[in-house]
Amino acid sequence: AFGGALGSLTHEELAVAFEENLLPEAGWADTWLGLKRDEAGLWVWEDGTHYSHGPARWLSGRLSSMDSTASCVFANADRLWVNARCDQRLRNFVCTKPMATPH
């Protein structure tokens with residue numbers, strides 16, 4: 001909405017900043033990320049970048065889970081990433097929006 005999209009944590013620095021600065025805030029448990037599984041079964045960020053961080057942030061076993069109904073990702077209260085159904089209702093989400101260019 002408003003020209004934004006779910007956030008793509010495509011660089012390690014962004015992922016660390018997200019975890020250290022947003023997740024610890026009260027009420028930021030179960031936050032949607034802009035990561036989803038594509039038709040080929042690969043994890044892709046909302047901006048089209050392929051996921052490349054490895055399994056370190058994932059809840060044990062979730063990265064390799066091939067449950068085709070669990071194609072979207074959220075960060076839980078323990079800062080671990082969990083794949084879930086995309087229609088699961090969660091309170092929080094992180095969006096990014098391109099910066100306006102000066103005229």
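Trainee: Before we start, what does buried mean here?
Mentor: Buried means under 20% relative accessible area. Keep in mind that this is a predicted model.

Trainee: Fine. So is W32 buried or exposed?
Mentor: W32 has a relative accessible area of 10%, so it is buried.

Trainee: And F74, buried or exposed?
Mentor: F74 is buried, because its relative accessible area is 8%.

Trainee: Let's talk rings. How many aromatic pairs does the structure hold?
Mentor: Seven aromatic pairs. One of them is W32 with F74. Their ring centres are 5.9 Å apart and the planes sit at 85 degrees.

Trainee: Why is that pair called edge-to-face?
Mentor: The cut-off for edge-to-face is over 60 degrees between planes. W32 and F74 are at 85 degrees, so they are edge-to-face.

Trainee: Where in the chain do the two residues come from?
Mentor: From distant parts. W32 is in strand β2, residues 31-37, and F74 is in strand β4, residues 72-75. They are 42 residues apart.

Trainee: What about W58 and W81?
Mentor: They form an edge-to-face aromatic pair too. Centre to centre it is 6.1 Å, with 70 degrees between the planes. W58 is in the loop between β3 and β4, while W81 is in strand β5, residues 81-84. That pair also links distant parts of the chain, 23 residues apart.

Trainee: Are those two buried or exposed?
Mentor: W58 has a relative accessible area of 6%, so it is buried. W81 is at 0%, so W81 is buried as well.

Trainee: Which residues do ring pairs link into a cluster?
Mentor: W43, W45, Y51, W58 and W81.

Trainee: Tell me about W45. Where is it?
Mentor: W45 is in strand β3. Its relative accessibility is 2%, so W45 counts as buried.

Trainee: How does β5 sit against β4?
Mentor: The two run antiparallel, joined by four bridges. F74 stands opposite V82 in β5. Remember that F74 is also the ring partner of W32.

Trainee: Different arginine now. Where is R37?
Mentor: R37 is in strand β2, which also holds W32.

Trainee: Is R37 buried or exposed?
Mentor: R37 is at 11% relative accessibility, so it counts as buried.

Trainee: What lies 3.0 Å from a polar atom of its side chain?
Mentor: The backbone oxygen of A70.

Trainee: How much of the protein is buried?
Mentor: Buried residues make up 36% of the 103 residues.

Trainee: And what share of the contacts is between residues 24 or more positions apart?
Mentor: 61%, counting contacts with a separation of 6 or more.

Trainee: Last one. What is the accessible surface?
Mentor: About 6700 Å². Carbon and sulfur atoms account for 56% of that surface.

Terms used. Residues numbered from 1 in each chain as written. Predicted model: local features only at pLDDT ≥ 70, side-chain atom pairs only at ≥ 80, totals over all residues. Heavy atoms only, no water. Phe/Tyr/Trp six-rings, centres within 6.5 Å; stacked < 30°, edge-to-face > 60°. Buried < 20%, exposed > 50% of the residue type's maximum accessible area, 1.4 Å probe, protein only. Contact = heavy atoms within 4.5 Å. Areas by Shrake-Rupley, 256 points an atom, 1.4 Å probe, with all protein chains shown as cover. Polar contact = N/O pair within 3.5 Å; in protein donor to acceptor, adjacent residues only side chain to side chain. Pairing = 2+ DSSP bridges.
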